[in-house]
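Here is a guided look at one protein chain, written for a reader who likes to check each point on the model. Please keep the viewer open as you read.

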Amino acid sequence: MFHPRRTLRALLLPLTAGLALTALPAQTAQAASTLTNGGFESDGAGSAAPTGWSEYGSTAASYSESGGHGGSYRLSHYSSSAYKVETYQYLSGLTNGNYTLTAWVRSGGGQNSAYISLKNCGSSEQRTNLPVSAGGWIRVVTSVAVTNNQCTISINSDANAGNWINVDDLTFTSGSTGTSIKGSDVSSLAKSEALGGTYRTSSGTTGDALAILKSAGQNYARVKVWVSPKDGYNTKTQVLALAKRIKAQGMKLLVDFHYSDTWADPGAQTVPSAWSGHSYSQLKTDVYNHTYDVLNALKAQGTTADMVQVGNEINGGMLWNVGSTSNWSQLAGLLNSGYDAVKAVSSATQVALHLAKGGDLTGTRWWFDNAVSNGVKFDVIGLSYYGYWHGSLADFQTTLDDAAARYSKPVFVAETAYPFRLDSDDSFENIIDLSSELVSGYPATTAGQTRWMNDVASLVEAVPNGRGLGVFYWESTWTAVTGNGWDPTDATSGNGWENQALFDYDNKAQPAMAWFSHR
């Protein structure tokens with residue numbers, strides 16, 4: 001049972017229940033040079049202040065109880081009335097340097113705030129919110145620079161009646177974490193602008209969308225390329241022009257090859273019209289030549305791609321039926337043809353293979369086990385993860401961690417998104433437009449969108465051995481602009497995704513852009 005229930009203790013809230021936890025009281029708690037009782041196993045169930053830990057605020061709402069992550073017990077915050085409580089441990093005598101707190105957490109959501117932090121360490125306080133995950137434990141990390149030989153580990157809840165969190169198996173070790181990719185897909189931008197689309201800062205000033213994203217902290221842009229799209233977007237021509245703008249902003253560039261004239265995804269991997277009827281051998285040459293042509297043109301203008309996806313969401317392979325997963329030897333040949341073309345242009349460019357199997361451990365293992373056994377070459381693993389389709393956050397973390405460890409490769413989120421509202425800004429029905437489709441604990445609001453992005457980024461940051469590279473948001477600039485619809489063959493088609501863009505219906509930068517500043 002994931003909802004902690006403390007019938008007696010919940011009725012005994014102290015008079016401090018209404019106090020804001022703005023500061024710690026005087027440091028009267030015992031200090032240690034290493035974390036004490038990080039697994040909450042020292043006292044058993046019902047301990048009001050677990051050994052080594054102190055409490056402040058609504059102390060009756062903080063206690064240890066049965067049902068730990070790695071042992072028998074855990075820390076819980078819960079009350080049947082609104083509460084604010086902090087459970088903390090003060091460490092002194094530390095050698096100055098970088099430290100990382102790791103914790104396993106669960107939360108039912110609904111709090112005003114619920115987070116772990118490292119503070120009073122001599123540098124600025126560092127926080128990580130607790131993701132909403134009632135059904136499974138999630139590992140989170142928080143890093144800090146200790147410059148004054150001390151640090152306070154703090155677990156905080158500012159909660160409404162019935163809200164709860166569980167925390168367990170904390171460790172505090174030397175070292176630091178972080179992510180290098182804070183990106184978004186901007187493939188729709190050129191067509192949007194050509195059709196009159198505009199973008200504004202949060203204060204309403206019209207500006208360059210890329211500059212606005214950069215100022216918010218974006219450091220990487222992802223751009224798709226089709227072979228011969230009916231509307232002319234995105235061919236090599238558009239990719240070259242957009243790449244100049246991206247590099248001018250100081251961002252890195254990911255080129256996403258769809259090897260089609262339209263969307264390539266788990267449901268469709270249609271051979272481009274120019275390659276129709278080609279044999280397997282010819283398709284290998286087509287893949288090589290097309291990949292080389294686009295990337296070499298980018299290099300020639302001084303905008304070499306930093307990363308390349310050979311295929312987009314290739315769960316079932318690509319260039320069906322020749323390159324489907326029913327014929328792995330042929331799929332491997334096509335993928336390696338793309339890989340070889342990338343490296344022929346620039347050996348430093350990283351090659352990613354991209355699946356839409358975010359929370360599917362079994363499916364991801366099956367795919368990459370087959371890829372490895374068939375000699376497929378790749379540098380990086382990218383996964384799409386949409387919480388309303390691809391399993392829970394806990395499922396996603398399990399898949400992400402396993403992929404990084406099993407194949408000894410860096411991993412990243414190639415696509416994720418979340419709605420900030422449910423209604424449409426055009427006449428086309430949104431892909432996600434019902435509250436029943438949302439992830440529990442993440443409302444379709446600007447706050448919900450922001451929290452989703454921060455929490456997904458936290459899971460990537462927590463991938464062991466520094467193998468979590470970061471996240472690309474999909475698709476940040478795809479607002480509702482007449483003519484810039486879903487179907488490249490139909491100028492009247494609408495956009496089913498504008499409620500998940502990073503610009504709102506007034507074309508203003510969304511608060512969710514704050515996630516770019518995630519560590």
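The sections below go from the overall build to the cores, then to single elements and backbone details.

## About the model

This is a predicted model, in which local features need pLDDT of at least 70, side-chain atom pairs count only at pLDDT 80 or more, and totals for chains, interfaces and linings use all residues. Residues are numbered from 1 along each chain as its sequence is written, and side-chain values use heavy atoms, with hydrogens and water left out.

## Overall build

The protein holds 9 helices and 21 strands; helices (H or I, at least four residues) and strands (E, at least two) are DSSP runs, numbered from the N terminus. Its C-alpha trace spans about 75 × 50 × 40 Å along the principal axes.

Of the 519 residues, 56% are buried, where buried means under 20% relative accessible area, exposed over 50%, and partly exposed in between (1.4 Å probe, protein chains only). Among contacts (heavy atoms within 4.5 Å) with a separation of 6 or more, 78% join residues 24 or more positions apart.

## The nonpolar cores

A nonpolar core is a set of buried Ala, Val, Leu, Ile, Met, Phe, Trp, Tyr and Cys residues joined through side-chain atoms within 4.5 Å. The largest one has 121 residues, and Leu 170, Phe 172 and Trp 367 touch the most other members. Helix H6 (residues 328-345) gives the most to this core, with 8 residues. Another core, of 10 residues, lies apart from it and includes Ile 181, Ala 352, Val 380 and Leu 469.

What surrounds Leu 170? Leaving aside residues up to four places away in sequence, its contacts include Leu 35, Gly 38, Phe 40, Trp 53 and Leu 101.

## Helix H4 and its cover

Helix H4 (residues 236-248) has 13 residues and reaches 18 Å from its first C-alpha to its last, close to the 18 Å expected at 1.5 Å a residue; the expected span is 1.5 Å times one less than the number of residues. Its buried residues are Gln 238, Val 239, Leu 240, Leu 242, Ala 243 and Ile 246. Their cover includes helices H2 (189-194), H3 (209-216) and H5 (280-300), along with strands E15 (220-225) and E16 (252-257). Just after H4, Gly 250 takes a positive phi of about 80°.

## Around Leu 383

Strand E19 (residues 380-384) runs parallel to E20, paired over 4 bridges; two strands pair if DSSP finds at least two bridges between them. Leu 383 has Val 413 of E20 as its bridge partner. In E20 (residues 411-415), 5 of the 5 residues are buried.

Leu 383 is also one of the residues touched by Thr 399. Thr 399 sits in helix H8 (residues 393-406) and counts as buried because its relative accessibility is 1%.

## Backbone details

Two cis peptide bonds are worth a look. One joins Trp 320 and Asn 321, with omega about 0°, and Asn 321 lies in the loop between strand E17 (307-310) and H6. Another joins Trp 474 and Glu 475, with omega about -10°; Glu 475 is in the segment after strand E21 (468-473).

Asn 37 is not a glycine, yet has a positive phi of about 55°. Phe 40, also not a glycine, has a positive phi of about 60°. Asn 37 is in the loop between strand E1 (31-32) and strand E2 (54-57), and Phe 40 lies in the loop between E1 and E2. Asn 37 is buried at 12% relative accessible area, and Phe 40 is buried at 1%.
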